Amino acid sequence: MRGKVIKYGDNVSTDAIIAGKYTKTLKVQDLADHAMEDLDPDFHEKVKTRRIIAAGTYFGCGSSREQAPTALKAAGIECILAKEFARIFYRNAINVGLCVAQCDTSRIGEEDEIEFSPGDRCVKNHTTKEEIPVAKMPEIMVDILAAGGVVPYYRSRQE
Amino acid sequence: MAGGKTVAEKILSAHSGNDVYAGDICFCEIDRMMAHDANGPMAVQAFRNMGGKKVCDPRKIFFIMDHACPAPYERAANLQKMLRDFAAEQGIAFYEAGEGVCHQLMIERGHAHAGELILGTDSHTCTYGAVGAFATGVGATDMGASMLTGRNWFKVPETIKVVLKGALMPGCSAKDIILTVIGRIGAAGANYKSVEFYGEYLDRCPLADRMTIANMVVEMGGKCGFLCFSGMEPKADPDAVYAAEWEINLEEVVPCVAKPHMVDNYAPVTEVEGTKIDVAFLGSCTNGRIEDLRIAARMLKGRHVAPGVRLIVTPASREVMLLAMREGIAEELMQAGAIFFTQGCGVCVGTHGGVPADGEVALSTANRNFKGRMGNSKAFIYLASPETVAASVLTGVITDPRQLGGVNERESNQIR
C-alpha cells in the first residue's frame, strides 16, 4: 500500500483511540465516528486523504479493547507505523487485519508519502527517499495479516 | 536450548507439551477464559464469524458483567442480553451485574489457580498472577478463537525479576510499591514481558495486596506477572534467565501518586501535597477489596469528607460489600459522606458512575490515569493508595496519610 502520513506522538492510549464510553456497540461505524475524538479533532478530515499513521513509542497502550484497532480500520486507516506498540494492541490489530509495523518513525514527517505492505522488510519513504527497516513479525502473524485477520485465517484453514 | 526456566516458561511449556523458552512461539491449551460485557459481545461475534456453534468446553468459560453495570443505556443492556442468552445456550457460567469486578470474582470464587493458563478480554487479567496463574489480557477475536478451539498461540515472554527488600513503613501500601516500581521501570518498561516479584513481604502481605501489585503489571506493559510467595508453584529454576533485575527497598517506599496523564509519572505525595481534589474514587480491581475499605473506614470514622469533595466507593464484589456491611464499614463510610456505586468498573473506565467535570481533579485508587479514562478528557487523574485517598478526602487536598492517625500497619487478611 502507498499513502500519506498522519503523524502522532508517544503513548497514544486505547482510551485516546476510542473512549470506553463509546465501546458498547457492535457497529463498526459507531466506533469509527468516535476514533481519536479527544486526541485529534481533525482526524476525520485528515483520514479522507491520508491512510497511514506514523506514531512514536508505545502506541495503543492501556486497555485490551479490540474496538481500538477496529475503530481506526473502520475510519479508513490502512497501516500504522510506530517505534513501539503495546503488546495487546499489536496483536489485536493483526487479528482484525489492520497492518502494523514497528520501525523508527522519527524521520517520517506529516504528509510524507509512504509505501509498505505486510511482509516487506523496509518501509519506503518516497518523500525523503529513505528506506526504514521494519522489526520482524512472527510468521504466524504475517499469515494472519495476509489472510485479513484471525476470522478469515481460521476459516481458510478449516476448508 | 535447554536450561533453567522462568515461571512463564514453565507454565507455557506445560501447556504446549514442549520445552519452550523466551522468544519461542507455541500453541497451548487454555485452562480458563473470562469475558466481560465490554469485550465479550465482539468475542461472541468473532466466534460465530469463525463458524462456531459450540464452545470448546463451557466449564472453562466465565462471562462476567461489570463494565457498564447495571446497564446505563439500551446499547449496553442489549449487549449484556446477547451475552446472557449465549451463556444460557452454551452452558457458560454467567455472573450478573452487581456480582463484582471480573478479576475479583475470578479469584474470590476460585476460578484461578497457580500454574494455570488463563485468558481474559481485559488487560488486567494479569491480576491472577497473585495466585500464580499465567493470566493475560487478549482482544475479542483471540477470545472468540479460544472459546471455539480451546487453544491459542503464544510468544513466550522474557522475564523481568523485581526483588522487594525489607518491610513497608507505616502509611504505605502495596499500591505505593507498584506505583514506585512502575515509576522506575516505566510504563512500557515491561512491554511483552513477564514480571516475577520476590521478597519476604509477599509472604506477610494479604492476597489482596498481592492482587494490587499483579493487577498493575500491565501498566508497565507486562504480559503477565507472578507474585512469587514462598508457597507458589511452579517456581522459577535457580538458573532461569532474566532480561533484567530490579531491587526495591521497601523501607524507602513512600506514599506516592501517578500524576496526570501517565501511570509512570511518579511523584512522592509530599511533592503534590496541597493539590485541590474534586472527586475521589476508592474501588476498582486494583483497590476495591475489604482490606482497602477497612483502611478508609478506619481513617474516616467519625469524620466527614471535606466540603467540595465527592468520595465514590465501589466495592470490588458483592462479597466485599456484604463484609463491609457486616463490619459496619459501609455505615461508617456513608456517615462520612461517601457515595456507594454498584460493584463493577463504571467509575474507573468512564462509562458511568462518577465522571469528573472539565478541569476537575480526580484522586483515584484505580490503575489508569490516561486522558479521558474516567469519561472526560479534560479532567486530571492522580492515582494513589487507599490510605492517601482517605487522608485527602478529609482535607480536600492531596494529603500525606502519614500525617493522620489510624494508618499504621494494614491488618492482615484471613485469606492468604
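Residues are numbered from 1 along each chain as written, with chains lettered from A and ligands numbered from 1 in written order. The model is predicted, with pLDDT of at least 70 required for local features and 80 or more for side-chain atom pairs, while totals for chains, interfaces and linings use all residues.

**Helix α12 of chain B**

I looked up what covers the buried residues of α12(B), and the cover includes α11 (290-300) and α13 (329-335) of chain B. Helices here are DSSP runs of H or I with at least four residues, strands are runs of E with at least two, and both are numbered from the N terminus. I count a residue as buried if 20 or more other C-beta atoms lie within 10 Å of its own, as exposed if 12 or fewer do, and as partly exposed in between. In α12(B), residues 318-326, the buried ones are B:Val320, B:Met321 and B:Ala324. They sit on the same side of the helix because their arc around the axis is only 100°, the arc being that of the directions from the helix axis to the C-beta atoms. An α-helix has 3.6 residues a turn, so residues three or four places apart point the same way. The face turned away from the buried side carries the exposed B:Met325 and B:Arg326. After α12(B) comes B:Gly328, with a positive phi near 85°.

**Domains of chain B**

I noted domain 1 (1-253) and domain 2 (256-402) in chain B; such bounds come from an automatic or database domain assignment. Their C-alpha centres lie 24 Å apart. Contact between them involves 34 residues of domain 1 and 34 residues of domain 2. On the domain 1 side, α4 (102-108), α6 (174-185) and α8 (207-215) each supply at least two residues. The largest share, six residues, comes from α6(B).

**Chain A**

I found seven helices and seven strands in chain A. Its radius of gyration is 15 Å, close to the 15 Å of the globule rule for 159 residues, so chain A is as compact as a globular protein of that length. That radius is taken over C-alpha atoms, and the rule is 2.2 Å times the number of residues to the power 0.38. Of the 159 residues, 53% count as buried.

**Contact between the chains**

I read off 36 residues from chain A and 43 residues from chain B. In chain A, α1 (14-17), α5 (87-95) and α7 (150-158) each supply at least two residues of the side that touches chain B.

Note on methods: Contact = placed C-beta atoms within 7 Å.
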